[in-house]
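Keep the viewer open as you read.

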Amino acid sequence: MHRRSVVRYVGDDPDVRARVSRAVERAWDGTRAPDYQATATDALLDATEDTDLQPLADACGIVTTSEAATLPAVADRLAATPDSVPVVVLLESPTDEGFRVALRAGAADIVSGSVPEEEPDAEADPLVDRLLEAVTPNRVRFGSDDANRLREVLLDSGSTLMSTRSDEVDTKISWTMENVGEHAELDRIVCYLRDGETFDPRHTWCPDECETGPRSLSDFPDADRLSTFENVARSSNLSESTMHSSVDGDVSTEGAESEPSATVHVPLVADWELVGVLVFETDVRRAWTDEEVDLYRTFADLIAYTIARNDRRLELRRRTDQLEQFSSVVSHDLRNPLNVLSGYLELVENEVSASTYEPMDRAVTRMETLIDNLLMLAKRGETIGERESISVTGVAEEAWRTVRAPDATLTIADEVGRVHADPNRLRQVFENLFRNAVDHAGPSVAIEIGPQPDVGGGEGMYVADDGPGVPPEVHDSLFDSGFSTADSSGIGLAIVDRIVDAHGWEVDVHNDGGAVFEVSFGGETAVTPRVSG
(Lines give C-alpha, C1' and ligand atoms only; values in the text may rest on other atoms or scores of the structure.)
Protein backbone atom coordinates (compact mmCIF):
# COMPACT_ATOMS: atom_id res chain seq x y z
CA MET A 1 0.00 0.00 0.00
CA HIS A 2 1.34 3.42 -0.92
CA ARG A 3 1.40 5.55 2.22
CA ARG A 4 0.31 8.60 0.22
CA SER A 5 1.00 11.84 2.04
CA VAL A 6 0.17 14.68 -0.37
CA VAL A 7 -3.09 16.47 -1.10
CA ARG A 8 -2.60 17.97 -4.54
CA TYR A 9 -4.42 20.95 -6.05
CA VAL A 10 -4.72 20.91 -9.84
CA GLY A 11 -5.54 24.32 -11.29
CA ASP A 12 -4.37 27.86 -11.93
CA ASP A 13 -6.56 30.04 -9.68
CA PRO A 14 -4.38 31.49 -6.87
CA ASP A 15 -7.40 32.13 -4.63
CA VAL A 16 -8.53 28.52 -4.85
CA ARG A 17 -4.94 27.39 -4.30
CA ALA A 18 -4.87 29.33 -1.04
CA ARG A 19 -8.28 27.99 -0.05
CA VAL A 20 -7.18 24.38 -0.52
CA SER A 21 -4.00 25.02 1.44
CA ARG A 22 -6.00 26.41 4.37
CA ALA A 23 -8.45 23.51 4.22
CA VAL A 24 -5.65 20.92 4.37
CA GLU A 25 -4.05 22.71 7.29
CA ARG A 26 -7.36 22.89 9.12
CA ALA A 27 -8.49 19.31 8.36
CA TRP A 28 -5.40 17.58 9.77
CA ASP A 29 -3.16 18.31 12.67
CA GLY A 30 0.28 17.14 13.70
CA THR A 31 2.79 14.85 12.06
CA ARG A 32 0.09 12.62 10.57
CA ALA A 33 -1.16 15.47 8.36
CA PRO A 34 -0.55 15.13 4.60
CA ASP A 35 1.52 17.70 2.77
CA TYR A 36 -0.03 20.14 0.35
CA GLN A 37 1.25 20.71 -3.21
CA ALA A 38 -0.14 22.45 -6.29
CA THR A 39 0.13 21.48 -9.96
CA ALA A 40 -0.69 23.86 -12.79
CA THR A 41 -2.84 22.58 -15.63
CA ASP A 42 0.02 23.24 -18.09
CA ALA A 43 2.11 20.63 -16.27
CA LEU A 44 -0.54 18.00 -16.97
CA LEU A 45 -1.08 19.13 -20.54
CA ASP A 46 2.66 18.94 -21.26
CA ALA A 47 3.14 15.54 -19.55
CA THR A 48 4.23 12.87 -22.04
CA GLU A 49 5.57 10.07 -19.85
CA ASP A 50 3.92 8.04 -17.10
CA THR A 51 6.55 9.33 -14.70
CA ASP A 52 5.30 12.88 -15.33
CA LEU A 53 1.85 11.82 -14.11
CA GLN A 54 3.10 9.84 -11.11
CA PRO A 55 2.45 12.73 -8.66
CA LEU A 56 -1.28 12.29 -9.37
CA ALA A 57 -1.23 8.53 -8.72
CA ASP A 58 0.83 8.93 -5.56
CA ALA A 59 -1.38 11.63 -4.03
CA CYS A 60 -3.76 10.79 -1.20
CA GLY A 61 -6.32 13.19 -2.62
CA ILE A 62 -6.77 15.70 -5.45
CA VAL A 63 -8.72 18.97 -5.47
CA THR A 64 -9.49 20.72 -8.75
CA THR A 65 -11.97 23.22 -10.18
CA SER A 66 -14.63 22.84 -12.84
CA GLU A 67 -12.68 25.34 -14.93
CA ALA A 68 -9.54 23.21 -14.89
CA ALA A 69 -11.51 19.99 -15.46
CA THR A 70 -13.20 21.53 -18.49
CA LEU A 71 -9.99 20.84 -20.41
CA PRO A 72 -10.49 17.30 -21.83
CA ALA A 73 -6.85 16.29 -21.30
CA VAL A 74 -6.96 17.33 -17.65
CA ALA A 75 -10.30 15.56 -17.08
CA ASP A 76 -9.02 12.35 -18.70
CA ARG A 77 -5.88 12.31 -16.57
CA LEU A 78 -7.80 12.95 -13.37
CA ALA A 79 -10.28 10.20 -14.23
CA ALA A 80 -7.38 7.78 -14.84
CA THR A 81 -6.02 8.05 -11.29
CA PRO A 82 -6.45 4.96 -9.03
CA ASP A 83 -9.76 4.47 -7.25
CA SER A 84 -7.99 5.02 -3.95
CA VAL A 85 -7.10 8.62 -4.93
CA PRO A 86 -10.32 10.63 -4.48
CA VAL A 87 -10.87 13.68 -6.70
CA VAL A 88 -12.84 16.58 -5.18
CA VAL A 89 -14.17 19.12 -7.70
CA LEU A 90 -14.97 22.72 -6.62
CA LEU A 91 -17.90 24.39 -8.39
CA GLU A 92 -18.58 28.12 -8.26
CA SER A 93 -22.27 27.34 -8.60
CA PRO A 94 -24.21 24.07 -8.91
CA THR A 95 -24.94 23.98 -12.65
CA ASP A 96 -25.71 20.99 -14.87
CA GLU A 97 -22.62 21.61 -16.96
CA GLY A 98 -20.47 21.83 -13.85
CA PHE A 99 -21.75 18.45 -12.64
CA ARG A 100 -21.10 16.90 -16.08
CA VAL A 101 -17.53 18.20 -16.01
CA ALA A 102 -17.03 16.78 -12.53
CA LEU A 103 -18.30 13.37 -13.57
CA ARG A 104 -15.95 13.30 -16.57
CA ALA A 105 -13.07 13.95 -14.18
CA GLY A 106 -14.08 10.96 -12.02
CA ALA A 107 -15.06 13.10 -9.04
CA ALA A 108 -15.52 11.32 -5.72
CA ASP A 109 -17.15 14.44 -4.23
CA ILE A 110 -18.33 17.89 -5.36
CA VAL A 111 -18.19 21.07 -3.26
CA SER A 112 -20.19 24.00 -4.57
CA GLY A 113 -19.99 27.63 -3.53
CA SER A 114 -17.07 29.77 -2.45
CA VAL A 115 -15.84 30.97 0.95
CA PRO A 116 -16.73 34.60 1.69
CA GLU A 117 -13.71 36.80 1.02
CA GLU A 118 -14.17 38.62 4.34
CA GLU A 119 -13.86 35.34 6.24
CA PRO A 120 -11.27 33.27 4.37
CA ASP A 121 -10.42 31.18 7.44
CA ALA A 122 -13.97 30.51 8.50
CA GLU A 123 -14.60 27.02 9.81
CA ALA A 124 -17.76 27.00 7.73
CA ASP A 125 -15.79 26.09 4.58
CA PRO A 126 -17.34 22.74 3.60
CA LEU A 127 -14.10 21.72 1.85
CA VAL A 128 -12.50 20.97 5.24
CA ASP A 129 -14.99 18.25 6.21
CA ARG A 130 -15.28 16.91 2.68
CA LEU A 131 -11.53 16.54 2.32
CA LEU A 132 -11.29 14.77 5.65
CA GLU A 133 -14.11 12.37 4.77
CA ALA A 134 -12.85 11.62 1.26
CA VAL A 135 -9.12 11.32 1.92
CA THR A 136 -8.75 9.79 5.39
CA PRO A 137 -10.27 6.34 4.65
CA ASN A 138 -7.99 5.84 1.65
CA ARG A 139 -4.92 6.83 3.63
CA VAL A 140 -5.45 4.03 6.12
CA ARG A 141 -6.85 1.13 4.11
CA PHE A 142 -6.08 -0.89 1.01
CA GLY A 143 -7.43 0.08 -2.37
CA SER A 144 -7.97 -2.29 -5.29
CA ASP A 145 -4.67 -1.24 -6.88
CA ASP A 146 -2.83 -1.90 -3.60
CA ALA A 147 -4.32 -5.39 -3.39
CA ASN A 148 -3.41 -6.17 -6.99
CA ARG A 149 0.20 -5.14 -6.41
CA LEU A 150 0.44 -7.24 -3.26
CA ARG A 151 -1.15 -10.19 -5.04
CA GLU A 152 1.58 -10.07 -7.68
CA VAL A 153 4.22 -9.96 -4.95
CA LEU A 154 2.70 -13.03 -3.30
CA LEU A 155 2.71 -14.93 -6.60
CA ASP A 156 6.41 -14.22 -6.94
CA SER A 157 6.97 -15.15 -3.29
CA GLY A 158 5.14 -18.43 -3.79
CA SER A 159 7.36 -19.37 -6.72
CA THR A 160 10.44 -18.48 -4.68
CA LEU A 161 9.40 -20.49 -1.62
CA MET A 162 8.24 -23.52 -3.57
CA SER A 163 11.67 -23.89 -5.20
CA THR A 164 13.60 -23.49 -1.94
CA ARG A 165 16.33 -25.95 -0.99
CA SER A 166 16.88 -26.88 2.63
CA ASP A 167 19.94 -24.66 2.96
CA GLU A 168 18.00 -21.68 1.51
CA VAL A 169 14.84 -21.75 3.60
CA ASP A 170 15.82 -19.11 6.16
CA THR A 171 17.23 -16.76 3.54
CA LYS A 172 14.26 -16.96 1.21
CA ILE A 173 11.66 -16.60 3.96
CA SER A 174 13.44 -13.44 5.13
CA TRP A 175 13.65 -12.15 1.56
CA THR A 176 9.95 -12.71 0.86
CA MET A 177 9.00 -11.09 4.19
CA GLU A 178 10.99 -8.01 3.20
CA ASN A 179 9.35 -7.93 -0.23
CA VAL A 180 5.85 -8.18 1.21
CA GLY A 181 6.57 -5.68 3.98
CA GLU A 182 7.88 -3.04 1.60
CA HIS A 183 5.02 -3.38 -0.88
CA ALA A 184 2.38 -3.39 1.86
CA GLU A 185 3.99 -0.35 3.55
CA LEU A 186 4.41 -2.14 6.89
CA ASP A 187 6.89 -1.40 9.66
CA ARG A 188 7.53 -4.95 10.88
CA ILE A 189 6.87 -8.58 10.05
CA VAL A 190 7.80 -11.22 12.63
CA CYS A 191 7.50 -14.96 12.13
CA TYR A 192 7.18 -16.78 15.47
CA LEU A 193 7.66 -20.55 15.39
CA ARG A 194 6.48 -22.82 18.16
CA ASP A 195 8.97 -24.61 20.37
CA GLY A 196 7.01 -26.46 23.03
CA GLU A 197 5.00 -23.83 24.89
CA THR A 198 7.12 -20.95 23.60
CA PHE A 199 6.92 -19.04 20.32
CA ASP A 200 10.38 -17.94 19.18
CA PRO A 201 10.88 -15.04 16.69
CA ARG A 202 12.67 -17.17 14.08
CA HIS A 203 12.41 -14.70 11.18
CA THR A 204 12.14 -10.92 11.49
CA TRP A 205 11.87 -8.10 8.95
CA CYS A 206 12.26 -4.69 10.54
CA PRO A 207 13.87 -1.80 8.59
CA ASP A 208 14.31 0.11 11.83
CA GLU A 209 15.75 -1.54 14.90
CA CYS A 210 13.18 -3.45 16.92
CA GLU A 211 13.33 -5.83 19.82
CA THR A 212 11.67 -9.22 19.67
CA GLY A 213 11.78 -12.08 22.09
CA PRO A 214 10.10 -15.40 22.88
CA ARG A 215 6.41 -15.21 23.73
CA SER A 216 3.80 -17.57 25.04
CA LEU A 217 0.53 -18.03 23.18
CA SER A 218 -1.30 -16.01 25.80
CA ASP A 219 0.91 -13.00 25.01
CA PHE A 220 -0.69 -12.67 21.58
CA PRO A 221 -4.01 -10.80 21.22
CA ASP A 222 -7.08 -13.06 21.14
CA ALA A 223 -5.01 -16.17 21.74
CA ASP A 224 -8.14 -18.32 21.78
CA ARG A 225 -8.92 -17.30 18.21
CA LEU A 226 -5.35 -17.97 17.08
CA SER A 227 -5.49 -21.42 18.68
CA THR A 228 -8.52 -22.20 16.52
CA PHE A 229 -6.67 -20.99 13.42
CA GLU A 230 -8.47 -17.64 13.09
CA ASN A 231 -6.89 -14.37 11.96
CA VAL A 232 -6.75 -11.52 14.48
CA ALA A 233 -6.71 -8.01 12.95
CA ARG A 234 -6.59 -4.83 15.03
CA SER A 235 -6.96 -1.54 13.19
CA SER A 236 -5.85 1.84 14.48
CA ASN A 237 -7.69 4.16 12.11
CA LEU A 238 -9.85 7.00 13.38
CA SER A 239 -13.57 6.46 13.50
CA GLU A 240 -15.84 8.90 11.66
CA SER A 241 -16.74 10.68 14.91
CA THR A 242 -13.09 10.97 15.84
CA MET A 243 -12.27 12.38 12.42
CA HIS A 244 -14.85 15.11 12.86
CA SER A 245 -13.79 15.83 16.42
CA SER A 246 -10.26 16.38 15.17
CA VAL A 247 -11.59 19.23 13.07
CA ASP A 248 -12.87 20.82 16.28
CA GLY A 249 -9.51 20.36 17.97
CA ASP A 250 -10.59 17.64 20.42
CA VAL A 251 -7.96 15.08 19.38
CA SER A 252 -4.39 16.02 20.19
CA THR A 253 -1.28 15.03 18.29
CA GLU A 254 0.11 13.54 21.46
CA GLY A 255 -2.85 11.22 21.76
CA ALA A 256 -2.51 10.16 18.15
CA GLU A 257 1.15 9.40 18.57
CA SER A 258 0.46 7.19 21.58
CA GLU A 259 -1.94 4.91 19.70
CA PRO A 260 -0.88 1.25 19.65
CA SER A 261 0.38 -0.24 16.40
CA ALA A 262 -2.09 -1.63 13.93
CA THR A 263 -1.49 -5.39 13.80
CA VAL A 264 -2.57 -8.52 12.02
CA HIS A 265 -1.79 -11.86 13.67
CA VAL A 266 -2.12 -14.87 11.37
CA PRO A 267 -1.75 -18.46 12.61
CA LEU A 268 0.79 -20.72 10.91
CA VAL A 269 -0.89 -24.09 10.52
CA ALA A 270 0.64 -27.40 9.44
CA ASP A 271 -1.01 -30.81 9.70
CA TRP A 272 -3.87 -29.23 11.66
CA GLU A 273 -1.54 -27.94 14.35
CA LEU A 274 -0.61 -24.38 15.31
CA VAL A 275 3.11 -24.24 14.53
CA GLY A 276 3.60 -20.50 14.74
CA VAL A 277 2.21 -16.99 14.36
CA LEU A 278 3.01 -14.47 11.61
CA VAL A 279 2.67 -10.86 12.79
CA PHE A 280 2.23 -7.81 10.53
CA GLU A 281 2.58 -4.38 12.19
CA THR A 282 2.50 -0.72 11.25
CA ASP A 283 2.85 2.36 13.42
CA VAL A 284 0.67 4.59 11.24
CA ARG A 285 -3.12 4.62 11.28
CA ARG A 286 -4.35 1.62 9.37
CA ALA A 287 -7.74 0.02 8.79
CA TRP A 288 -7.27 -3.57 7.65
CA THR A 289 -9.63 -4.71 4.90
CA ASP A 290 -10.81 -8.31 4.60
CA GLU A 291 -9.04 -8.59 1.24
CA GLU A 292 -5.75 -7.41 2.73
CA VAL A 293 -5.98 -9.82 5.68
CA ASP A 294 -6.80 -12.68 3.28
CA LEU A 295 -3.64 -11.90 1.33
CA TYR A 296 -1.59 -11.99 4.52
CA ARG A 297 -3.17 -15.35 5.36
CA THR A 298 -2.10 -16.62 1.94
CA PHE A 299 1.45 -15.50 2.66
CA ALA A 300 1.35 -17.20 6.08
CA ASP A 301 0.15 -20.42 4.45
CA LEU A 302 3.07 -20.27 2.01
CA ILE A 303 5.56 -19.89 4.87
CA ALA A 304 3.92 -22.62 6.95
CA TYR A 305 3.94 -25.01 3.99
CA THR A 306 7.58 -24.22 3.21
CA ILE A 307 8.68 -24.79 6.80
CA ALA A 308 6.63 -27.99 7.18
CA ARG A 309 7.90 -29.36 3.87
CA ASN A 310 11.49 -28.62 4.81
CA ASP A 311 11.04 -30.21 8.25
CA ARG A 312 9.64 -33.35 6.60
CA ARG A 313 12.48 -33.34 4.10
CA LEU A 314 15.12 -33.06 6.82
CA GLU A 315 13.42 -35.74 8.92
CA LEU A 316 13.20 -38.05 5.93
CA ARG A 317 16.86 -37.44 5.15
CA ARG A 318 17.78 -38.20 8.77
CA ARG A 319 15.74 -41.38 8.79
CA THR A 320 17.13 -42.44 5.43
CA ASP A 321 20.67 -41.98 6.67
CA GLN A 322 19.84 -44.00 9.78
CA LEU A 323 18.19 -46.71 7.67
CA GLU A 324 21.13 -46.94 5.32
CA GLN A 325 23.56 -47.16 8.21
CA PHE A 326 21.42 -49.76 9.95
CA SER A 327 20.93 -51.84 6.81
CA SER A 328 24.65 -51.80 6.06
CA VAL A 329 25.47 -53.01 9.55
CA VAL A 330 22.78 -55.69 9.47
CA SER A 331 23.82 -56.79 5.99
CA HIS A 332 27.44 -57.14 7.08
CA ASP A 333 26.54 -58.96 10.29
CA LEU A 334 24.22 -61.36 8.46
CA ARG A 335 26.46 -62.06 5.47
CA ASN A 336 29.41 -63.25 7.54
CA PRO A 337 27.63 -66.21 9.19
CA LEU A 338 25.66 -66.81 5.99
CA ASN A 339 28.86 -67.11 3.98
CA VAL A 340 30.19 -69.59 6.52
CA LEU A 341 26.99 -71.59 6.28
CA SER A 342 27.06 -71.51 2.47
CA GLY A 343 30.69 -72.68 2.43
CA TYR A 344 30.01 -75.66 4.68
CA LEU A 345 26.90 -76.48 2.66
CA GLU A 346 28.99 -76.79 -0.50
CA LEU A 347 31.40 -79.13 1.31
CA VAL A 348 28.65 -81.56 2.28
CA GLU A 349 26.72 -81.42 -1.01
CA ASN A 350 27.99 -84.84 -2.10
CA GLU A 351 27.73 -86.37 1.36
CA VAL A 352 24.01 -85.91 2.00
CA SER A 353 20.95 -86.89 0.07
CA ALA A 354 19.35 -84.48 -2.36
CA SER A 355 16.20 -84.35 -0.24
CA THR A 356 18.30 -83.08 2.67
CA TYR A 357 20.58 -80.76 0.69
CA GLU A 358 18.02 -78.95 -1.50
CA PRO A 359 15.90 -77.47 1.36
CA MET A 360 19.07 -76.16 3.03
CA ASP A 361 20.33 -74.69 -0.26
CA ARG A 362 16.96 -72.99 -0.92
CA ALA A 363 17.00 -71.51 2.59
CA VAL A 364 20.49 -70.05 2.07
CA THR A 365 19.49 -68.69 -1.34
CA ARG A 366 16.37 -67.12 0.07
CA MET A 367 18.35 -65.43 2.85
CA GLU A 368 20.85 -64.05 0.33
CA THR A 369 18.03 -62.69 -1.83
CA LEU A 370 16.27 -61.17 1.15
CA ILE A 371 19.46 -59.40 2.28
CA ASP A 372 20.12 -58.07 -1.24
CA ASN A 373 16.58 -56.76 -1.62
CA LEU A 374 16.44 -55.14 1.78
CA LEU A 375 19.81 -53.47 1.33
CA MET A 376 18.93 -52.17 -2.13
CA LEU A 377 15.54 -50.92 -0.99
CA ALA A 378 17.03 -49.13 2.03
CA LYS A 379 19.93 -47.51 0.19
CA ARG A 380 18.48 -46.64 -3.19
CA GLY A 381 14.74 -46.57 -2.83
CA GLU A 382 13.20 -45.29 -6.07
CA THR A 383 16.30 -43.53 -7.42
CA ILE A 384 18.12 -44.51 -10.57
CA GLY A 385 21.63 -43.75 -11.72
CA GLU A 386 22.93 -42.52 -15.03
CA ARG A 387 21.16 -43.96 -18.03
CA GLU A 388 22.83 -45.41 -21.08
CA SER A 389 21.81 -47.30 -24.18
CA ILE A 390 21.86 -51.00 -23.30
CA SER A 391 20.69 -54.27 -24.80
CA VAL A 392 17.61 -55.44 -22.93
CA THR A 393 18.15 -59.15 -23.58
CA GLY A 394 21.85 -58.78 -22.82
CA VAL A 395 21.00 -57.47 -19.35
CA ALA A 396 18.43 -60.24 -18.93
CA GLU A 397 21.02 -62.91 -19.70
CA GLU A 398 23.41 -61.41 -17.16
CA ALA A 399 20.64 -61.45 -14.55
CA TRP A 400 19.79 -65.06 -15.36
CA ARG A 401 23.27 -66.19 -14.35
CA THR A 402 22.54 -65.10 -10.76
CA VAL A 403 19.44 -67.31 -10.46
CA ARG A 404 20.15 -70.44 -8.43
CA ALA A 405 17.71 -72.78 -10.17
CA PRO A 406 19.69 -75.18 -12.38
CA ASP A 407 16.56 -76.91 -13.67
CA ALA A 408 14.88 -73.68 -14.79
CA THR A 409 15.15 -72.52 -18.41
CA LEU A 410 15.25 -69.07 -20.06
CA THR A 411 14.19 -68.59 -23.68
CA ILE A 412 14.69 -65.38 -25.67
CA ALA A 413 11.76 -65.43 -28.10
CA ASP A 414 13.08 -62.43 -30.05
CA GLU A 415 15.49 -59.54 -29.61
CA VAL A 416 13.83 -56.75 -27.63
CA GLY A 417 16.24 -54.04 -28.74
CA ARG A 418 18.11 -51.34 -26.87
CA VAL A 419 16.73 -48.92 -24.30
CA HIS A 420 18.09 -45.96 -22.32
CA ALA A 421 18.17 -47.15 -18.72
CA ASP A 422 20.28 -47.60 -15.60
CA PRO A 423 21.84 -51.02 -16.35
CA ASN A 424 22.20 -52.01 -12.70
CA ARG A 425 18.59 -51.21 -11.88
CA LEU A 426 17.26 -52.91 -15.03
CA ARG A 427 19.27 -55.99 -14.06
CA GLN A 428 17.53 -55.94 -10.67
CA VAL A 429 14.17 -55.90 -12.45
CA PHE A 430 15.02 -59.10 -14.27
CA GLU A 431 16.59 -60.76 -11.22
CA ASN A 432 13.48 -60.12 -9.14
CA LEU A 433 11.10 -61.27 -11.90
CA PHE A 434 13.13 -64.47 -12.38
CA ARG A 435 13.21 -65.18 -8.63
CA ASN A 436 9.48 -64.49 -8.42
CA ALA A 437 8.88 -67.06 -11.17
CA VAL A 438 11.01 -69.66 -9.35
CA ASP A 439 9.24 -68.98 -6.04
CA HIS A 440 5.76 -69.41 -7.54
CA ALA A 441 6.27 -71.91 -10.38
CA GLY A 442 9.00 -74.08 -8.88
CA PRO A 443 12.71 -74.73 -9.56
CA SER A 444 12.07 -76.17 -13.04
CA VAL A 445 10.06 -73.20 -14.33
CA ALA A 446 10.32 -72.23 -17.98
CA ILE A 447 10.68 -68.46 -18.55
CA GLU A 448 10.39 -66.61 -21.84
CA ILE A 449 11.37 -63.05 -22.78
CA GLY A 450 10.29 -61.21 -25.91
CA PRO A 451 9.30 -57.87 -27.41
CA GLN A 452 5.85 -56.48 -26.77
CA PRO A 453 5.08 -53.80 -29.37
CA ASP A 454 2.37 -51.17 -28.93
CA VAL A 455 2.20 -51.44 -25.16
CA GLY A 456 1.03 -48.21 -23.54
CA GLY A 457 1.65 -46.20 -26.70
CA GLY A 458 5.23 -47.38 -27.23
CA GLU A 459 7.62 -50.31 -27.28
CA GLY A 460 7.89 -52.80 -24.46
CA MET A 461 8.79 -56.32 -23.43
CA TYR A 462 7.25 -59.27 -21.65
CA VAL A 463 8.58 -61.81 -19.15
CA ALA A 464 6.37 -64.90 -19.01
CA ASP A 465 6.51 -68.18 -17.10
CA ASP A 466 4.61 -71.47 -17.25
CA GLY A 467 3.52 -71.40 -13.62
CA PRO A 468 0.02 -71.21 -12.13
CA GLY A 469 -0.40 -67.52 -12.94
CA VAL A 470 -1.67 -64.70 -10.73
CA PRO A 471 -4.91 -65.27 -8.79
CA PRO A 472 -7.42 -62.57 -9.83
CA GLU A 473 -8.15 -61.58 -6.25
CA VAL A 474 -4.51 -60.53 -5.62
CA HIS A 475 -3.90 -58.71 -8.90
CA ASP A 476 -4.29 -55.22 -7.43
CA SER A 477 -1.98 -55.97 -4.48
CA LEU A 478 0.76 -57.79 -6.34
CA PHE A 479 3.23 -54.88 -6.39
CA ASP A 480 2.60 -53.78 -2.80
CA SER A 481 5.60 -54.00 -0.50
CA GLY A 482 5.37 -57.02 1.82
CA PHE A 483 2.66 -58.80 -0.18
CA SER A 484 3.37 -62.39 -1.24
CA THR A 485 1.50 -65.59 -2.03
CA ALA A 486 4.58 -67.83 -1.89
CA ASP A 487 5.80 -67.33 1.69
CA SER A 488 8.56 -64.97 0.46
CA SER A 489 9.54 -61.47 1.63
CA GLY A 490 7.07 -59.72 -0.67
CA ILE A 491 9.70 -57.11 -1.54
CA GLY A 492 10.87 -58.32 -4.96
CA LEU A 493 7.90 -57.17 -7.06
CA ALA A 494 7.62 -53.92 -5.06
CA ILE A 495 11.21 -53.17 -6.09
CA VAL A 496 10.35 -54.00 -9.72
CA ASP A 497 7.48 -51.52 -9.60
CA ARG A 498 9.66 -48.75 -8.11
CA ILE A 499 12.49 -49.20 -10.61
CA VAL A 500 10.10 -49.25 -13.55
CA ASP A 501 8.32 -46.14 -12.26
CA ALA A 502 11.63 -44.32 -11.67
CA HIS A 503 12.44 -44.81 -15.37
CA GLY A 504 9.06 -43.42 -16.36
CA TRP A 505 7.86 -46.80 -17.57
CA GLU A 506 4.83 -48.90 -16.62
CA VAL A 507 4.48 -52.52 -15.55
CA ASP A 508 1.40 -54.74 -15.57
CA VAL A 509 0.65 -58.44 -15.23
CA HIS A 510 -1.90 -60.86 -16.66
CA ASN A 511 -2.30 -64.59 -17.11
CA ASP A 512 -1.69 -66.47 -20.36
CA GLY A 513 -0.71 -70.06 -19.56
CA GLY A 514 1.17 -68.60 -16.59
CA ALA A 515 2.06 -65.16 -15.34
CA VAL A 516 3.00 -62.59 -17.99
CA PHE A 517 4.67 -59.37 -16.83
CA GLU A 518 4.57 -56.59 -19.43
CA VAL A 519 6.85 -53.54 -19.19
CA SER A 520 6.03 -50.55 -21.37
CA PHE A 521 8.99 -48.31 -22.16
CA GLY A 522 6.67 -45.47 -23.18
CA GLY A 523 6.58 -43.39 -26.32
CA GLU A 524 9.24 -40.92 -25.12
CA THR A 525 11.87 -43.55 -24.28
CA ALA A 526 14.46 -44.03 -26.98
CA VAL A 527 14.39 -47.66 -28.13
CA THR A 528 16.34 -48.84 -31.15
CA PRO A 529 14.62 -51.05 -33.71
CA ARG A 530 14.66 -54.72 -32.88
CA VAL A 531 17.03 -56.92 -34.79
CA SER A 532 15.41 -59.93 -36.40
CA GLY A 533 17.09 -63.23 -35.80
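Strands β16 and β18 run antiparallel and are joined by five bridges; two strands count as paired if DSSP finds at least two bridges between them. Helices (H or I, at least four residues) and strands (E, at least two) are DSSP runs, numbered from the N terminus. Before going on, note that this is a predicted model: local features need pLDDT of at least 70 and side-chain atom pairs count only at pLDDT 80 or more, while totals for chains, interfaces and linings use all residues. Residues are numbered from 1 along each chain as its sequence is written, and side-chain values use heavy atoms, with hydrogens and water left out.

Back to β16. Y462 stands opposite E518 in β18. β16 also runs antiparallel to β15, again with five bridges, and I447 has D465 of β16 as its bridge partner. Six of the six residues of β16 are buried, where buried means under 20% relative accessible area, exposed over 50% and partly exposed in between (1.4 Å probe, protein chains only). In a regular strand the side chains alternate between the two faces of the sheet. Here both faces are covered: G460, Y462 and A464 are buried on one side, and M461, V463 and D465 on the other.

**The cores**

What has the most contacts inside the largest nonpolar core? That core has 41 residues, and the answer is V419, L426, F430, F434, W505, F517 and F521. A nonpolar core here is a set of buried Ala, Val, Leu, Ile, Met, Phe, Trp, Tyr and Cys residues joined through side-chain atoms within 4.5 Å. The elements giving two or more residues to it are α15 (392-400), β14 (418-421), α16 (423-441), β15 (446-451), β16 (460-465), α17 (492-502), β17 (506-511) and β18 (515-520). The largest share, seven residues, comes from α16. Apart from this core lies another of 32 residues, among them M177, L186, F280 and Y296.

**Aromatic pairs**

The structure holds nine aromatic pairs. Rings of Phe, Tyr and Trp (its six-membered ring) pair if their centres lie within 6.5 Å; planes under 30 degrees apart count as stacked, over 60 as edge-to-face and the rest as tilted. Two of the pairs are tabulated here.

| Pair | Centre to centre | Angle between planes | Class |
|---|---|---|---|
| W400 and F434 | 5.2 Å | 85° | edge-to-face |
| W505 and F521 | 4.9 Å | 65° | edge-to-face |

W400 in helix α15 and F434 in helix α16 are 34 residues apart, so to speak a link between distant parts of the chain. Both W400 and F434 are buried. W505, in the loop between α17 and β17, is 16 residues from F521, in the segment after β18. W505 counts as buried because its relative accessibility is 4%, and F521 is buried too, with a relative accessible area of 1%. Elsewhere, F280, W288, Y296 and F299 form one aromatic cluster.

**An open parallel sheet**

Now for a five-stranded open sheet with parallel pairing, in the order β2-β1-β3-β4-β5. β2 (35-39) and β5 (109-112) stand at the edges with a single partner strand each, so one side of each has no neighbour in the sheet. Neighbouring strands are turned by 20° against each other on average, direction ignored. β1 (residues 6-10) pairs with β2 over five bridges in the parallel sense, and V10 has T39 in β2 as its bridge partner. Helix α1 (residues 14-27) packs on the sheet and touches β1, β2, β3 (61-65), β4 (87-91) and β5; contact means heavy atoms within 4.5 Å. The direction of α1 makes about 165° with that of β2. Axes are lines fitted to C-alpha atoms, for helices over the stretch in contact, and angles run from 0 to 180 degrees between N-to-C directions.

**A buried hairpin strand**

β10 (residues 262-270) has eight of its nine residues buried, so it is largely enclosed by the rest of the structure. β10 pairs with β11 (residues 273-282) in the antiparallel sense over nine bridges, and V269 has L274 in β11 as its bridge partner. The two strands form a hairpin with two residues between them, and D271 in the turn has a positive phi of about 55°. β10 also pairs with β9 (residues 232-234), antiparallel over three bridges, with V232 opposite H265.

**The whole chain**

There are 17 helices and 18 strands in the protein chain, and 44% of its 533 residues count as buried. Among contacts between residues at least 6 apart in sequence, 70% join residues at least 24 apart.
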